[in-house]
Amino acid sequence: MTIRVVLADDHVLMRQGVSQMLNANPNISVVGECDDGVELIAAVLKLSPDVILMDISMPRMSGLVAIDKILSQRRDAKILVLSMHNEVEYIEAMRDAGAKGYILKESSGDSLVDAIKKVAANKTCFPDEITKPLDEQCQKHISPLSVLTRREREVFFLVAAGNTSKKIAELLDMSLKTAENHRSNIYKKLNLSSSAELIRMAGKAGLLE
Amino acid sequence: MNDLTKEIESIKALQATLQARLDADQEILQQLAKRLWAQQESEKAKLSRELHDGIGQLLTGLTRRLQALSSSSPEIEALHSIAEMALNDVRQLSRLMSPTILDDLGLKPALNWLCRNLLSDEDINYHTDITLPSDLPKDISTLLFRIAQETLVNAIKHSEATDLTLTISYHHHVVRLDILDNGVGFDSKTIEPGIGLSSIRDRAEAFNATLEIDAAIGKGTRTTVTVPV
């Protein structure tokens with residue numbers, strides 16, 4: 001069965017390229033192309049496509065507002081966002097708005113086709129960025145130091161090696177107060193109350209030289 | 001007696017007329033200031049697009065070519081990383097110059113993005129807590145974003161802070177932004193405000209916003225903005 005796609009992107013060359021590429025696939029047919037969010041809503045209502053492939057930054061109506069309007073008219077609309085932005089804030093905002101997937105414009109044609117098929121089959125398809133924070137949470141259990149910043153890790157090892165805050169400030173070329181701030185943040189983050197506890201913890205975790 | 005009353009009345013009327021004229025002039029000046037800021041934003045947007053579409057595209061092409069060749073020698077692999085760094089710098093500069101995320105997603109994601117971009121490579125832990133009215137006008141979003149940007153840049157350059165908190169709350173038609181750091185602070189009597197700070201102060205005034213910077217040596221810095229909406 002052919003997947004019917006409506007495509008919205010204000011960059012004409014980009015849109016034509018994507019459209020040509022998708023139409024070359026026997027399972028996909030681009031049934032409508034739009035310049036902006038306003039046109040897109042009209043096209044969705046008229047054509048009831050299987051998948052809506054759309055950009056975020058568009059004139060007249062932004063993608064975010066368009067998604068909201070589309071979903072208020074067609075609750076089961078399957079929206080795949082095609083964007084140049086790889087920032088996690090974008091991906092999260094689109095997912096929260098109700099998009100089923102998010103794919104970067106720099107992706108290969110094959111991965112775009114895959115994403116369209118997934119979304120058409122009512123699955124979700126988001127880049128790794130969105131799952132990364134989960135991975136990082138898992139890592140917390142692996143290395144207790146992953147909750148610390150780079151600078152805090154340096155301070156951690158200097159404390160573990162028995163240095164005073166004053167000495168650490170000298171070594172790392174920072175003020176005494178900053179060194180003490182780092183130290184108290186480390187204690188807070190790792191739930192420790194003294195340098196003795198810190199050294200004990202470092203020893204248990206195999207972090208002492 | 002009657003004459004005196006008349007005279008008082010006419011002076012009062014004159015005073016009211018003058019006050020009205022003054023208010024009108026003030027209003028015109030404020031509108032002018034707003035237009036100037038809007039113009040500056042659109043200039044920045046233009047420059048940002050040129051940077052992104054011009055140098056950005058060239059660097060993208062260069063990076064891709066070098067990547068294709070990078071397996072042939074470690075020297076080319078190193079050139080590829082340098083080109084990639086240059087590309088990322090240009091993109092970051094272009095985005096900070098004109099944050100499209102503000103138009104695309106609104107102030108809350110834009111501020112989270114700003115904090116992540118500016119602070120995560122520094123040794124500053126940060127926390128944001130943002131509540132906004134749903135219909136915040138765009139010029140006010142831009143105002144708050146620019147004030148936050150200037151404040152974060154100052155914190156990175158001067159504060160030696162290790163923790164920073166950015167909160168926005170909304171009560172009774174007033175939006176309040178607070179940025180608090182635990183850094184070295186400064187003595188506001190001896191430090192002359194730089195161009196950046198003076199500029200955001202002017203900008204706040206154009207929107208009837210108040211900007212307060214509360215700092216003392218060793219006690220961190222708190223920047224508070226309140227703006228009626």
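Predicted model: local features only at pLDDT ≥ 70, side-chain atom pairs only at ≥ 80, totals over all residues.
Local features need pLDDT of at least 70 and side-chain atom pairs count only at pLDDT 80 or more, while totals for chains, interfaces and linings use all residues. Residues are numbered from 1 along each chain as its sequence is written, and chains are lettered from A and ligands numbered from 1 in the order in which they are written.

**View 1. The two domains of chain A.** The domain assignment of chain A gives domain 1 (3-130) and domain 2 (133-204); such bounds come from an automatic or database domain assignment. The C-alpha centres of these two domains of chain A lie 45 Å apart. An unreviewed UniProt entry places the feature "domain: Response regulatory" at residues 4-120 of chain A. UniProt positions are given in the numbering used here, feature names are shortened, and annotations may be inferred rather than shown by experiment. Residues 4-120 of chain A are 48% helix and 21% strand, and the end C-alpha atoms of this span lie 9 Å apart. Helices (H or I, at least four residues) and strands (E, at least two) are DSSP runs, numbered from the N terminus.

**View 2. The contact of chain A with chain B, from the side of chain A.** This contact takes 19 residues from chain A and 15 residues from chain B, two residues being in contact if their C-beta atoms, placed from the backbone, lie within 7 Å. On the side of chain A, the elements that give two or more residues are helices H3 (63-73), H4 (88-97), H7 (150-160) and H9 (176-190). H9(A) provides the largest share, five residues. The chain A side divides into four nonpolar, nine polar and six charged residues. Ala, Val, Leu, Ile, Met, Phe, Trp, Tyr, Cys and Pro count as nonpolar, Asp, Glu, Lys and Arg as charged, and the others, Gly among them, as polar.

**View 3. The domain contact within chain B.** Chain B is divided into domain 1 (1-98) and domain 2 (100-229), with 17 Å between their centres, taken over C-alpha atoms. Nine residues of domain 1 of chain B are in contact with six residues of domain 2 of chain B. On the domain 1 side, helix H1 (2-53) and helix H3 (74-97) of chain B are the elements that give two or more residues; H1(B) gives the most, with six residues. That side divides into three nonpolar, three polar and three charged residues. The annotation "domain: Histidine kinase", from an unreviewed UniProt entry, covers residues 46-229 of chain B.

**View 4. Packing of H1(B) with H3(B).** The axes of H1(B) and H3(B) are 8 Å apart, and the helices pack at an angle of about 165°. Axes are lines fitted to C-alpha atoms, for helices over the stretch in contact, and angles run from 0 to 180 degrees between N-to-C directions. H1(B) and H3(B) are therefore roughly antiparallel to each other (angles over 145 degrees). Lys44(B), Leu47(B), Ser48(B), Leu51(B) and His52(B) in H1(B) meet Val90(B), Arg91(B), Leu93(B), Ser94(B) and Met97(B) in H3(B). The residues of this contact comprise five nonpolar, three polar and two charged.

**View 5. Packing of H6(B) with H7(B).** The axes of H6(B) (residues 138-159) and H7(B) (residues 195-206) come within 10 Å and cross at roughly 160°. H6(B) and H7(B) are therefore roughly antiparallel to each other. Leu143(B), Arg146(B), Ile147(B) and Glu150(B) in H6(B) meet Gly196(B), Leu197(B), Ile200(B), Arg203(B) and Ala204(B) in H7(B). This contact has five nonpolar, one polar and three charged residues.

How values were computed:
Parallel < 35°, antiparallel > 145°, perpendicular 65-115°, else oblique.
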